[in-house]
Amino acid sequence: MKQTRELATWLMVTEESLLASEQTRGATRALETPAPVAVRVRGLFKRYKDGTEANRDIDLDVRRGELISILGPNGAGKTTFLRQITTELRPSAGSIEIFGANAIAAPQTVKRMMGITPQEAGIFASLTVREHFELFARLKDLSKAKARAAATEVINSLDLVPEEGKRVGSLSGGQKRRILIGLALLGRPRLLVLDEPTTGLDPSSRQSVWGVIRRAVTDGATVILSTHYIEEAERLSDRIGIIAQGRLIALGTLDELFSRLERSYRVSYRDPLDPFGDLCVHYFASFKEAQAHIAQAELSGYSIARASLEDIYFALTGERLVEGEAEAKA
Amino acid sequence: MSRVTDISSVFRIQLMSMRAEAGPFFLAALVFPAGMYLFANAVGGVARTPEQSRLRFLAGSIVFSLSLTSISWLGYLLLENRFTGRLKLFATLPLAPSSYIFGFLGFAFLQAALGTTVLLLIGRAAGVGMRPNIPMLALVIMLTVLCLCGFGVVIAARARSFTEGSLLTDALGAGLVFLAPVYYLPETMPHGLRFVSRLLPTSFAASAVRTTLTGGYQVGTELLALGLMAIVTLALGFRLTKWRED
């Protein structure tokens, strides 16, 4: 269903299919009955020593078993936000509770419940893939036997079986990234915090990682991940938070975010006089309005689609996550 | 139990990750001190000097080996972890910073034990007259390593770059040996330096190693000084090694 919705969003579609697509949004992934809160953030504020205010007044409740994506461009404050949740960075003000424990006062306690993939972290080139998982599983308080079993589970789920005996130094960047994700998954933590987990991965590896993350959620894990990939946020998330200039400016299910758009039909085309120029994008309140514009402008090559998360992001921030599109609102 | 597991896991991670460089690493810990022993003998004209000098050179080489192991190379490993992002990986775990450092100390003890053993064998082969008091020597070496490792940990935690940290650990690793009366008598030093150099940990270590190599026990002052210095340097190192930034 998710794939259908995406295709309907991005491809040239008919009015009927657009309406059908609209109806499918009724079956949202929003949780019908709110689950207990896994992560509660209140009034989070982070000012660095140089005076930069990286996060401002962020409130967020993440329910158990929920997957929340934090979306935003580089420098928006996503990583700062996640690093405070993982206890790596001390907030300037505000509070963070993880499964009821105070993350600021008891970082070790909350880290026992978390699996974390930092945006950038090094691994040991001379250790093999299996050695990494087994040794780091021991540091997560797993017994030898459980560490071995956890390593096998992660190796299988991340398609690293052919590489398990290889030294990490000989692996590709994408494989190393998967190892970092696997280290977070060891021991099936209750909360996964993944900072741009699929950055640098090829499309196939990205799909594989998405599958692993979704499986973790199915198994009961709560996930907070940051991304600047629209597709990743759309496909994986129960709810999406949008961060811009340090503020959480929007939070909701995809449908809730779509409902913020007054003009949710998107026509894009290239100027026939400048075929190599930027893509022109216009928004309309209805399909008919969009069609009227196409007829009036005598466009021959164009694309008409329902608005995407990218459009919502643009409507909220005035900026594009995907570069190369001329911003033109009808 | 968890803490012991943590320390041993960090130790194993470091040990296993050093497999590829193990040969050069241990060789380097021996080549410099063994070379210094031979050099000091040659320069000091060992054929004409009393047995006491040869013992001083051997003890000095053991302290030099410990200094290189504990400050230069331990510092290098800690710096490497910090500036290649591996430290971040440890910081994501429910691991106390002190367990992380103790894991490295285990690695330093292993190197120190190997280096000292080989130097004792070289001394024996070179005919240095000694009756080492092994338990006391082990205690002296342990406290020396703890004290000197503290310097490495502090530098690794505070350095602003890998290059800066490496230069500092190298300079300190060698400097603490050559600025102290380790290879030579304190009387041969410039007057102003004499008193200060006697307070360096390497001075206490060299004195204690010399005494225990001849079977002596009278190293109470040296052990106390090294113990106190170890507490201060390691406490500072623990304090500066943080998982959380402000």
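In chain A, 68% of the contacts (heavy atoms within 4.5 Å) between residues at least 6 apart in sequence join residues at least 24 apart. The model is predicted: local features need pLDDT of at least 70, side-chain atom pairs count only at pLDDT 80 or more, and totals for chains, interfaces and linings use all residues. Residues are numbered from 1 along each chain as its sequence is written, chains are lettered from A and ligands numbered from 1 in the order in which they are written, and side-chain values use heavy atoms, with hydrogens and water left out.

Chain A holds twelve helices and 14 strands. These elements are DSSP runs, numbered from the N terminus: helices are H or I with at least four residues, strands are E with at least two. Of its 330 residues, 54% count as buried. Buried means under 20% relative accessible area, exposed over 50%, and partly exposed in between (1.4 Å probe, protein chains only).

A:Asp141 is partly exposed, at 38% relative accessibility. A:Gln245 belongs to the loop that links strand 9 (239–244) and strand 10 (247–252). Its relative accessibility is 59%, and A:Gln245 therefore counts as exposed.

A:Asp159 also lies in a loop, between helix 6 and helix 7 (173–185) of chain A. A:Asp159 is partly exposed, with 46% relative accessible area. Neighbours within four places in sequence aside, A:Asp159 is in contact with A:Arg178 and A:Ser208. With A:Ser208 there is a side-chain to side-chain polar contact at 3.4 Å. A polar contact is a pair of N or O atoms within 3.5 Å; within protein, one must be able to donate a hydrogen and the other to accept it, and residues adjacent in sequence count only if both atoms are side-chain atoms. A:Ile70 is 89 residues from A:Asp159 along the chain, and their C-alpha atoms are separated by 26 Å.

The contact between the chains takes 33 residues from chain A and 30 residues from chain B. The two chains bury about 3,000 Å² between them, and carbon and sulfur atoms give 57% of this area. Buried area is the accessible area (1.4 Å probe) that two parts lose on being put together, summed over both. B:Leu89, B:Pro94 and B:Arg244 supply 25% of what chain B buries against chain A, more than any other three residues. No salt bridges occur between the chains, a salt bridge being a side-chain nitrogen of Lys or Arg within 4 Å of a carboxyl oxygen of Asp or Glu. Seven residue pairs between the chains are in polar contact, both residues at pLDDT 80 or more. On the side of chain B that touches chain A, helix 1 (2–17) and helix 4 (86–91) each supply at least two residues. Helix 1 gives the most, with ten residues.

Within chain B, B:Thr144 is placed in helix 6 (residues 134–158). B:Thr144 is buried, at 1% relative accessible area. Residues up to four places away in sequence not counted, B:Thr144 touches B:Leu66, B:Ala205 and B:Leu226.

B:Cys149 is in no disulfide; the nearest cysteine sulfur, that of B:Cys147, is 9.2 Å away. B:Cys149 is buried, with 0% relative accessible area.

Definitions and conventions
Disulfide = S-S within 2.5 Å.
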